[in-house]
Amino acid sequence: MNKKYLIVFAVLIGLTLFLIPYIFRKEEAKKEVKKSVEAIINNSSESVPGSKSSTTNVNIENFSFVPEEINIKKGETVVWTEKDDAPHTVTASNKEDFSGSGTLLKGDTYSFTFNKVGSFTYRCKFHSNMIVVVNVKE
Ligand SMILES: [Cu+2]
């Protein structure tokens with residue numbers, strides 16, 4: 001009887017030790033994916049000098065706008081992509097700044113071209129802590 005339990009116990013320990021590196025590697029892989037996604041986001045927010053038609057992408061995910069502050073040039077378009085299961089909005093703090101989106105659901109996009117210089121604050125109508133600034137320069 002005791003021997004059986006010992007064998008089972010030993011097998012379980014063996015399996016656990018065997019699986020630990022795999023679990024660890026999976027976490028590492030996730031981090032790598034996150035890093036490359038962030039790199040893509042950062043690259044896409046850089047403006048191309050002399051180009052008036054460039055766009056900056058902002059993702060709406062995990063109840064936040066990513067990135068949380070963007071610096072663009074006059075004439076550039078910002079495209080917001082909703083990636084959350086929860087509904088969100090892109091709502092200008094000052095309605096004169098830009099019209100803003102309606103309710104966005106997963107997969108929806110909203111875009112706006114900033115033709116005025118200045119700092120524009122926008123937030124999500126449903127989640128007041130989701131707030132971002134768009135800095136538009138000449
Ligand atoms: Cu929201």
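## Basis of the description

The model is a predicted one.

## Asn 115 in its loop

Asn 115 is found in the loop that lies between strand S6 (109-113) and strand S7 (118-123). Because 11 other C-beta atoms lie within 10 Å of it, Asn 115 is exposed.

Setting aside residues up to four places away in sequence, Asn 115 touches Lys 74 and Gly 75. The C-alpha atoms of Asn 115 and Lys 74 are separated by 5.1 Å, although the two residues are 41 residues apart along the chain.

## Thr 77 in strand S4

Thr 77 belongs to strand S4, which covers residues 77-82. Thr 77 counts as partly exposed because it has 16 C-beta neighbours inside 10 Å.

When residues up to four places away in sequence are not counted, Thr 77 touches Thr 55, Ser 111, Phe 112 and Thr 113. Phe 114 is 37 residues from Thr 77 along the chain, and the C-alpha atoms of this pair are separated by 6.2 Å.

## The four-stranded sheet

An open sheet is formed by 4 strands in the order S3-S8-S7-S5, and its pairing is mixed. S3 and S5 are the edge strands, each of them pairing on one side only.

S3 and S8 run parallel and are joined by 5 bridges, with Ile 72 standing opposite Val 136 in S8. S7 and S8, by contrast, run antiparallel and are joined by 6 bridges; here Phe 120 has Val 134 in S8 as its bridge partner. Strand S5 (residues 91-92) pairs with S7 in the antiparallel sense over 2 bridges, and Thr 91 stands opposite Arg 123 in S7.

## The largest nonpolar core

The largest nonpolar core has 17 residues, and those with the most contacts inside it are Val 78, Trp 80, Phe 114 and Val 134. Two or more residues are given to this core by each of strand S1 (55-61), strand S3 (69-73), S4, S6, S7 and strand S8 (131-137).

Leaving aside neighbours within four places in sequence, Val 134 is in contact with Ile 70, Ile 72, Val 78, Phe 114, Phe 120 and Tyr 122. In soluble globular proteins, nonpolar side chains tend to be buried together.

Key. Residues numbered from 1 in each chain as written. Predicted model: local features only at pLDDT ≥ 70, side-chain atom pairs only at ≥ 80, totals over all residues. Buried ≥ 20, exposed ≤ 12 C-beta atoms within 10 Å, placed from the backbone. Contact = placed C-beta atoms within 7 Å. Core = buried A, V, L, I, M, F, W, Y, C linked by C-beta atoms within 7 Å. Pairing = 2+ DSSP bridges.
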